[in-house]
Amino acid sequence: MIVEQNVPLQAHNSFGIVAKARELVRVRGEEDVRALLADPTRAGAPKFVLGGGSNIVLTGDVKPLVLKVEIEGVRVVEDGARATIIEAGAGVNWHAFVTWTLDHGFPGLENLALIPGSVGASPVQNVGAYGVELQDRFEALDAIDLATGRIFTLGAGQCAFGYRDSVFKHVPAKEGDLGLAGRALILRVRFRLPKPWKPVLGYLDLSRKRAESGVDAPSARQVYDWVCAIRQNKLPDPRVLGNAGSFFKNPTVTPEQCHDIIAREPNIVHYPMPDGSVKLAAGWLIDACGWKGKSVGKAGVYEKQALVLVNRGGATGGEVVTLARAIQTSVYERFGIRLEPEPVVV
Ligand code: EPU
């Protein structure tokens with residue numbers, strides 16, 4: 001185990017915010033975590049698990065010990081008649097993994113192409129795009145308890161997946177509560193890719209692509225190419241313009257609330273959910289408040305998609321947070337809706 005001091009984190013967070021880790025340990029396998037827990041000076045120290053850094057806002061140097069997950073490896077666990085089970089190390093880049101599965105003839109993750117971040121972070125926020133969520137392709141994961149070094153396996157039910165949510169985002173309020181935030185490090189994730197493969201094309205942008213191309217029965221590679229093209233067209237590439245994807249979750253309201261809002265705002269973009277609630281497009285709400293292209297210092301609202309906050313070069317985490325709060329206030333004042341941020345403010 002090598003402990004590095006004062007490590008720059010700019011390249012390790014997709015917002016590209018300048019900050020340092022006081023101390024950082026690279027975790028390449030469970031033995032690194034166990035070595036850390038055997039070190040009496042560090043075993044009990046507060047720890048911060050850093051995956052691909054695509055869902056965090058750094059507001060200063062990180063004081064807890066940073067565990068940078070760099071566990072590699074992809075393997076086919078089982079290629080059965082009804083599904084293929086594939087396992088990937090938590091440190092594998094998510095998009096590289098999706099591409100690997102298609103290159104090796106295992107379709108099923110194509111709708112999730114180009115999502116920034118790592119395999120290990122994907123269950124934490126149950127990543128989702130274009131009609132597929134991680135939980136639809138999830139089999140199980142192995143994690144290590146950061147207090148005891150014990151390795152445990154969780155199936156989908158135990159991960160308590162929700163919209164951009166899981167057990168890994170919750171801090172237990174009292175003994176016995178579910179919640180693994182800060183308590184576990186995900187080592188490996190296994191995915192279940194069902195057979196026979198069926199494309200998921202219900203999302204409006206994808207059905208448009210299908211109609212435009214005239215390809216009625218697209219291959220998984222075709223869907224992957226469409227998803228990449230859609231994302232490249234409306235989401236900024238974090239290597240060019242720092243960002244953390246959607247900054248807010250799409251809020252859900254009751255049908256009554258939605259009815260009231262529609263009466264005032266007939267054009268509001270909304271989607272009925274299976275449980276009777278209605279999801280509103282947060283991007284539309286922010287856009288309607290006139291935020292597109294606006295800035296606080298070097299933190300700004302992306303011109304092509306108001307749900308994405310960007311670093312125009314040299315933004316601080318404080319500027320991003322100030323901008324986010326101003327957006328929340330104006331959306332609340334106009335629509336009475338509280339927007340909930342997606343990324344974790346560190
Ligand atoms: N819209 C506007 N103005 C804007 C932005 C959006 O009017 O500035 C409208 C769009 O015209 C559209 C609607 O809002 O009618 C929804 O926009 P879009 O289809 O781009 O999807 P989204 O709701 O903004 C969600 C996810 C994305 C995911 C896409 C596709 C959330 C918070 N975001 O975005 O996820 O890629 O759907 O499935 O659920 C992410 O989480 O980082 C992310 C990018």
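Which domains does the domain assignment of the protein give? The assignment gives domain 1 (2-69), domain 2 (74-194) and domain 3 (242-345); such bounds come from an automatic or database domain assignment. This is a predicted model, in which local features need pLDDT of at least 70, side-chain atom pairs count only at pLDDT 80 or more, and totals for chains, interfaces and linings use all residues. Residues are numbered from 1 along each chain as its sequence is written, and side-chain values use heavy atoms, with hydrogens and water left out.

**Domain 1 and domain 2**

- The C-alpha centres of domain 1 and domain 2 are 21 Å apart.
- Contact, meaning heavy atoms within 4.5 Å, links 13 residues of domain 1 with 18 residues of domain 2.
- About 1,200 Å² is buried between domain 1 and domain 2, 65% of it on carbon and sulfur atoms; buried area is the accessible area (1.4 Å probe) that two parts lose on being put together, summed over both.
- Of the area that domain 1 buries against domain 2, 35% is supplied by Glu30, Leu37 and Val69, more than by any other three residues.

**Helix H2 against helix H5**

- Helices (H or I, at least four residues) and strands (E, at least two) are DSSP runs, numbered from the N terminus.
- The axes of helix H2 (residues 94-103) and helix H5 (residues 220-234) come within 10 Å and cross at roughly 155°; axes are lines fitted to C-alpha atoms, for helices over the stretch in contact, with angles from 0 to 180 degrees between N-to-C directions.
- H2 and H5 are therefore roughly antiparallel, the class for angles over 145 degrees.
- In H2, His95, Val98, Thr99, Leu102 and Asp103 meet Ala220, Arg221, Tyr224 and Cys228 of H5.
- The residues of this contact of H2 with H5 comprise 5 nonpolar, 2 polar and 2 charged (Ala, Val, Leu, Ile, Met, Phe, Trp, Tyr, Cys and Pro count as nonpolar, Asp, Glu, Lys and Arg as charged, and the others, Gly among them, as polar).

**Helix H4 against helix H5**

- H4 and H5 pack at about 115°, their axes 10 Å apart.
- That angle makes H4 roughly perpendicular to H5, a class that covers 65 to 115 degrees.
- Asp205, Leu206, Lys209, Arg210 and Ser213 in H4 meet Trp226, Val227, Ala229, Ile230 and Lys234 in H5.
- The contact of H4 with H5 divides into 5 nonpolar, 1 polar and 4 charged residues.

**Backbone geometry**

- Most residues other than glycine have a negative phi, and most peptide bonds are trans.
- Lys195 and Pro196 are joined by a cis peptide bond with omega of about -5°, and Pro196 is in the loop between strand E12 (184-194) and helix H4 (204-213).
- Tyr130, although not a glycine, has a positive phi of about 50°; Tyr130 is in the loop between strand E8 (128-129) and strand E9 (132-133).

Terms used: Angles under 35 degrees count as roughly parallel, over 145 as roughly antiparallel, 65 to 115 as roughly perpendicular and the rest as oblique.
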